[in-house]
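This briefing is meant to be read alongside the sequence and the coordinates.

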Amino acid sequence: MIRVRFVSADGAETREVQAPEGERLLEIAQNDGQPLEGTCEGQMACSTCHVLIAAEDFDRLPSPSEEEEDMLDLAMGATRNSRLACQILLTPDLDGLTVRMPPEHRDMQGR
Ligand code: FES
């Protein structure tokens with residue numbers, strides 16, 4: 001099992017979960033009740049699975065594909081540590097990964 005730590009957008013809450021190798025970060029987050037929509041279910045047609053990877057962990061991830069980088073350009077609140085959770089498969093190298101939820105964004109009506 002591989003440990004993943006989720007940090008809320010405001011940094012106030014941290015939860016550590018364990019998940020099997022090969023599982024996608026998006027599913028792990030959703031199973032834990034983290035607020036990630038993942039609307040397209042990994043088809044690279046949304047950016048609602050955007051997460052922020054802890055700076056000290058970022059280089060442990062494989063590089064994003066060009067397609068992922070293009071989608072990240074559309075993500076609200078993207079930073080240099082942004083990734084799409086649907087594109088990250090858990091491997092033993094990622095044990096202890098810390099993942100922060102992005103700042104909440106508002107829709108066109110300001111909700
Ligand atoms: S779920 Fe849509 S790009 Fe990740």
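Strands β1 and β2 run antiparallel and are joined by six bridges; here strands (E, at least two residues) and helices (H or I, at least four residues) are DSSP runs numbered from the N terminus, and two strands count as paired if DSSP finds at least two bridges between them. The model is a predicted one, in which local features need pLDDT of at least 70 and side-chain atom pairs count only at pLDDT 80 or more, while totals for chains, interfaces and linings use all residues. Residues are numbered from 1 along each chain as its sequence is written, and side-chain values use heavy atoms, with hydrogens and water left out.

**Sheet and strand pairing**

- The strands form an open sheet of five with mixed pairing, in the order β2-β1-β5-β3-β4.
- Because β2 and β4 stand at the edges with a single partner strand each, one side of each is left without a neighbour in the sheet.
- From one strand to the next, the twist averages 35°, where axes are lines fitted to C-alpha atoms, for helices over the stretch in contact, and angles run from 0 to 180 degrees between N-to-C directions.

**Salt bridges**

- Side chains of opposite charge can pair when their charged atoms come close.
- Over the whole structure, a search finds six salt bridges, a salt bridge being a side-chain nitrogen of Lys or Arg within 4 Å of a carboxyl oxygen of Asp or Glu.
- One of them joins the side chains of R3 and D95, with an N to O distance of 2.9 Å.
- Since R3 lies in strand β1 (residues 2-7) and D95 in the loop between β4 (82-84) and β5 (97-100), the R3–D95 pair ties together parts that are 92 residues apart in sequence.
- Both partners are partly exposed, R3 at 30% relative accessibility and D95 at 31%; the classes are buried for under 20% relative accessible area, exposed for over 50% and partly exposed in between, with a 1.4 Å probe and protein chains only.
- R5 and E16 form another salt bridge, in which the closest N and O atoms are 3.5 Å apart.
- R5 lies in strand β1 and E16 in strand β2 (residues 14-19), so the R5–E16 pair ties together parts that are 11 residues apart in sequence.
- R5 is partly exposed at 27% relative accessibility, and E16 is partly exposed at 45%.
- D57 is bridged to R60, with 3.1 Å between the closest N and O atoms; D57 counts as buried at 7% relative accessibility, whereas R60 is partly exposed at 31%.

- E68, which has its place in helix α2, counts as buried at 2% relative accessibility.
- Leaving aside neighbours within four places in sequence, E68 is in contact (heavy atoms within 4.5 Å) with M44, R83, L84 and Q87.
- E56 lies in the loop between β3 (50-53) and α2 (66-72) and is exposed, with a relative accessible area of 62%.
- The C-alpha atoms of E56 and N81 are separated by 9.8 Å, with the two residues 25 apart along the chain.
- The search of the whole structure finds zero disulfides, the criterion being a pair of cysteine sulfur atoms within 2.5 Å.
- Two cysteines count as buried: C46 at 13% relative accessibility and C86 at 5%.

**Positive phi outside glycine**

- E41 has a positive phi of about 55° although it is not a glycine; E41 is found in the loop between α1 (25-31) and β3, and counts as exposed at 58% relative accessibility.
- M44, also a residue other than glycine, has a positive phi near 60°.
- The position of M44 is in the loop between α1 and β3, where M44 counts as buried at 11% relative accessibility.
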